[in-house]
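My notes follow in the order I took them.

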Amino acid sequence: MKQSHYFLKTSKTVSADDVSINAKLLEQGGFVQKVMAGVYSYLPLGNRVLKKIESIVREEMDAIGGQEVFMPTLQPKENWQKTGRWESLDVLFQVKSRHGNEYALGPTHEEIVTPMAQAIISSYKDLPIAVYQIQTKFRDEARAKSGLLRGREFRMKDLYSYHATPDDLENYYNNIAAPAYAKVFKRLGLDALYTEASGGSFAKFSHEFQVEIENGEDTIYICEKCKLAKNKEIFEDGAECTNCGKTTWREAKASEVGNIFKLQDKYSSAFNLQFTEADGSKKTVVMGCYGIGTSRLMGVIVEKFNDEKGIIWPAAVAPFAVHLIALKGAEEQAEKLYVNLLEQGVEVLYDDRDLSAGAKFADSDLIGIPLRMIVSPKTLEKNSVELKKRTEKDFKLVEISKVLEVVK
Ligand SMILES: [Zn+2]
């Protein structure tokens, strides 16, 4: 992609009410544009990152047999009344139409996914089974803040599993879903802590995946020995670690990037989702739900990986692999190299703009592509280009004929 024609403008300023690092760097870097509090447009650069995060999530959900569906955002009020959440869920966006009808904008999809399964699940032979989607969700937050960390409109992956017994749910939750989550966060370059949180009215605990960041909205306590964490909401002084029995904890600020719940029969009872056992008796399906905030992840990654100059994207989610920068007098060679890289399938952003080296480098630092490649008359004298990793200070000179090898 040539930067001269890219839908991208970096900026020195940022919306006055945004003080969080992710909002500042993502807006300045031209990844997102704020439309109103808690609502963002994703510009091409930001959209590429979001898509990469979601691809990794999708791959890992497919790998555990999740089947992708796509459910509506606009949902019938009656379904929410059936579960009691039309009244009880304080962040539910309630929409009144001109024709006098009322709808919910989905913050989560139990009210859709549960009745949806009635047409599919009838026998014990149909279980277990799991579906997921990657969707835009809504929460009517009183105060939307912290950039992509807490939005009124945001992206999320939600998976729902259906089981014949609580034991089968337990097994899936511990041995399939939780390890898949750990894989997702590891691939994204994040150290996500498995964190016990309130299980609500139907389970002892739910679990969150929390990433330690300075501006995290949650307080967690991390076991000094085994790194199991507890959310402050359930933490008691002197508590024993459920995993290793130790009682020494470290307090930390963190941001939740995923959560998993055993719903048991809470929603399946409300919608009368049943199946027939081998002996012919009717039983209620048992369910679990598993969420990952994909747009929030983008914010958390930026909070975690940055310096005073800008973002430092982990390679797995970087918008491009290479930032090719042509300095004055080297445009022709740079163009050739650009075409060459594209032919080899390298994702490259090519800064072909008529700007000073300083301006190009500042933008490049801000945008944070992992590898920078500079072509100048000086490097061309040596038949070379300069390569620099975003994480490193120093350049190294590499012969043009060997560049592809090094990049790969
Ligand atoms: Zn422990």
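**Notes on the fold and the metal site**

I began with contacts in the protein: of those between residues at least 6 apart in sequence, 67% join residues at least 24 apart. I note that this is a predicted model.

I then looked up the secondary structure and found 12 helices and 23 strands in the protein. For the extent, I took the box along the principal axes, and the C-alpha atoms fill roughly 80 × 60 × 45 Å.

Next I checked burial. The protein has 408 residues, and buried ones make up 51% of them. I put the accessible surface at about 19,300 Å², with 49% of that belonging to carbon and sulfur atoms.

I turned to the metal. Which residues coordinate the zinc ion? I found C223, C226, C241 and C244, each through SG, at 2.3 Å. The angles among the four donor atoms run from 98 to 118°, and the site is tetrahedral. For comparison, I wrote down that the ideal angle for four tetrahedral donors is 109.5 degrees.

I read the spacing of the donor residues in sequence as C-x2-C-x14-C-x2-C. C226 sits in the loop between strand 11 (218–223) and strand 12 (229–231), and C241 in the loop between strand 12 and strand 13 (249–264), so this pair ties together parts that are 15 residues apart in sequence.

Methods:
Residues numbered from 1 in each chain as written. Predicted model: local features only at pLDDT ≥ 70, side-chain atom pairs only at ≥ 80, totals over all residues. Heavy atoms only, no water. Donors = N, O, S within 2.8 Å, 3.2 Å for Na, K, Ca; no water. Tetrahedral: all angles 85-135°; square planar, octahedral: opposite > 155°, others 65-115°. Helix = DSSP H or I, 4+ residues; strand = E, 2+ residues; numbered from the N terminus. Buried < 20%, exposed > 50% of the residue type's maximum accessible area, 1.4 Å probe, protein only. Contact = heavy atoms within 4.5 Å. Areas by Shrake-Rupley, 256 points an atom, 1.4 Å probe, with all protein chains shown as cover.
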